[in-house]
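Please keep the structure open beside the text and find each residue as it is named.

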Amino acid sequence: MCVGAGALCPPRGGRGEGRLGFIIRPPHQLLPLLLCPGFRIPRLSVLCAQPRPRAMAISSSSWELPLVAVCQVTSTPDKQENFKTCAELVREAARLGACLAFLPEAFDFIARDPAETLRLSEPLGGNLLGEYTQLARECGLWLSLGGFHERGQDWEQTQKIYNCHVLLNNEGSVVATYRKTHLCDVEIPGQGPMRESNSTIPGPSLESPVSTPAGKIGLAICYDMRFPELSLALAQAGAEILTYPSAFGSVTGPAHWEVLLRARAIETQCYIVAAAQCGRHHEKRASYGHSMVVDPWGTVVARCSEGPGLCLARIDLNYLRQLRQHLPVFQHRRPDLYGNLGHPLS
């Protein structure tokens with residue numbers, strides 16, 4: 001099912017008009033679909049954004065902007081079935097012309113308990129990451145692997161793992177890794193307790209933003225979005241896109257998910273890409289879903305509907321730069337009054 005008034009939102013030319021949040025076909029193939037009322041694309045969810053302020057309207061053709069794909073899945077303890085699902089979505093993203101595909105936290109698996117989590121975990125050089133390396137090469141696009149259960153070099157000593165966000169380029173090479181720094185140890189009534197630290201070690205540092213075909217990406221994971229210091233540090237280090245691959249719960253999701261993502265976008269003036277887990281993983285756990293892309297104005301420009309699938313969005317860095325010029329909040333900060341929240345990365 002598609003989100004919004006219709007299944008397809010065609011690109012609009014000229015200044016001050018609505019923004020394209022997605023694309024499914026070249027223009028010459030799009031017209032027959034647009035003439036078919038009620039047309040829907042299974043598994044592909046889209047949303048057309050509200051118009052921008054005229055002074056910050058898009059200046060280049062929407063079709064020339066880099067396209068990113070945000071994948072939504074329901075991981076289980078079965079790693080090979082999870083890989084098949086993710087690979088299908090990545091291949092579809094490549095077919096639709098995306099330069100970068102984002103997978104959610106725990107794309108590899110979601111276990112029933114800490115013991116199973118540790119048993120199923122692998123090192124970065126293991127078989128599963130090898131399959132994703134091959135997939136990136138085969139499809140010719142970058143992959144954001146949003147939260148891999150990593151056995152680090154200290155596995156023998158600690159018997160614990162890292163929640164590791166891995167970024168692969170289109171040749172399958174690892175160009176960046178970020179290990180989740182804020183672990184989710186919470187007790188939410190109606191959602192059940194979460195004790196990530198039972199099996200996971202917090203990462204020691206942030207990763208500097210990485211240049212990709214879509215823009216400079218700052219890596220984070222799920223619970224990190226509740227800490228604006230992290231997003232501000234990444235933005236001050238040059239990030240244009242912040243990514244929060246997640247597995248939000250059924251109680252915190254409706255209350256906080258979109259609010260937090262839009263807040264992070266507005267305060268950093270970055271695009272936010274949030275690939276999410278959805279649905280019931282097993283008898284002990286379910287996730288909220290609602291994967292989305294938010295632009296630097298705080299508008300949701302693409303959103304997945306219910307169930308596994310993907311959404312697509314164009315990244316317009318000219319618009320981002322115009323917005324930062326018109327609303328130069330980073331120049332107006334007063335660290336003399338409240339300190340430098342989110343110290344720039346060295």
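At 11% relative accessibility, Glu 240 falls under the 20% limit and therefore counts as buried. This value, like the others here, comes from a predicted model, in which 16 salt bridges are found.

**Salt bridges**

- The side chain of Glu 240 meets that of Arg 321 in a salt bridge, with N and O 3.7 Å apart, and Arg 321 counts as partly exposed at 45% relative accessibility.
- Because Arg 321 belongs to helix 8 (residues 317–326) while Glu 240 sits in the loop between helix 6 and strand 10, this pair ties together parts that are 81 residues apart in sequence.
- In helix 7, Arg 264 and Glu 267 lie 3 residues apart, about one turn of the helix, and they form a salt bridge whose closest N and O atoms are 2.4 Å apart.
- Of these two, Arg 264 is buried at 7% relative accessibility, whereas Glu 267 is partly exposed at 24%.
- Another salt bridge joins Arg 95 to Glu 92, with 2.9 Å between the closest N and O atoms, and the two residues are separated by about one helical turn because they stand 3 residues apart in helix 2 (residues 79–95).
- Here Arg 95 counts as exposed at 52% relative accessibility, while Glu 92 is partly exposed at 29%.
- Salt bridges also link Arg 112, Glu 116, Arg 119 and Glu 283 in a network.

**A buried charge without a salt bridge**

- Asp 224, which is placed in the loop between strand 9 (215–219) and helix 6 (228–236), is buried but has no salt bridge, since the nearest side chain of opposite charge, Lys 180, is 6.4 Å away and the limit is 4 Å.
- The side chain of Asp 224 does make a polar contact with the side chain of Tyr 178, at 2.7 Å, and the residues that Asp 224 touches include Thr 181, His 182, Leu 230 and Tyr 244.

**The sheet and the helix across it**

- An open sheet with mixed pairing is formed by 6 strands in the order 8-9-10-11-14-15.
- Strand 8 (210–212) and strand 15 (300–303) are at the edges with a single partner strand each, so one side of each has no neighbour in the sheet.
- Neighbouring strands of this sheet are turned against each other by 25° on average, direction ignored.
- Strand 14 (residues 292–294) and strand 15 run antiparallel and are joined by 3 bridges, and Val 294 stands opposite Val 300 of strand 15.
- Helix 7 (residues 252–268) lies across strand 10, strand 11, strand 14 and strand 15, and runs at about 30° to strand 14.

How values were computed
Residues are numbered from 1 along each chain as its sequence is written. This is a predicted model: local features need pLDDT of at least 70, side-chain atom pairs count only at pLDDT 80 or more; totals for chains, interfaces and linings use all residues. Side-chain values use heavy atoms; hydrogens and water are left out. Helices (H or I, at least four residues) and strands (E, at least two) are DSSP runs, numbered from the N terminus. Buried means under 20% relative accessible area, exposed over 50%, partly exposed in between (1.4 Å probe, protein chains only). Lys and Arg count as positive and Asp and Glu as negative; His and the chain ends are not counted. A polar contact is a pair of N or O atoms within 3.5 Å; within protein, one must be able to donate a hydrogen and the other to accept it, and residues adjacent in sequence count only if both atoms are side-chain atoms. Contact means heavy atoms within 4.5 Å. Two strands pair if DSSP finds at least two bridges between them. Axes are lines fitted to C-alpha atoms, for helices over the stretch in contact, and angles run from 0 to 180 degrees between N-to-C directions. Lists of a residue's contacts leave out its neighbours within four places in sequence.
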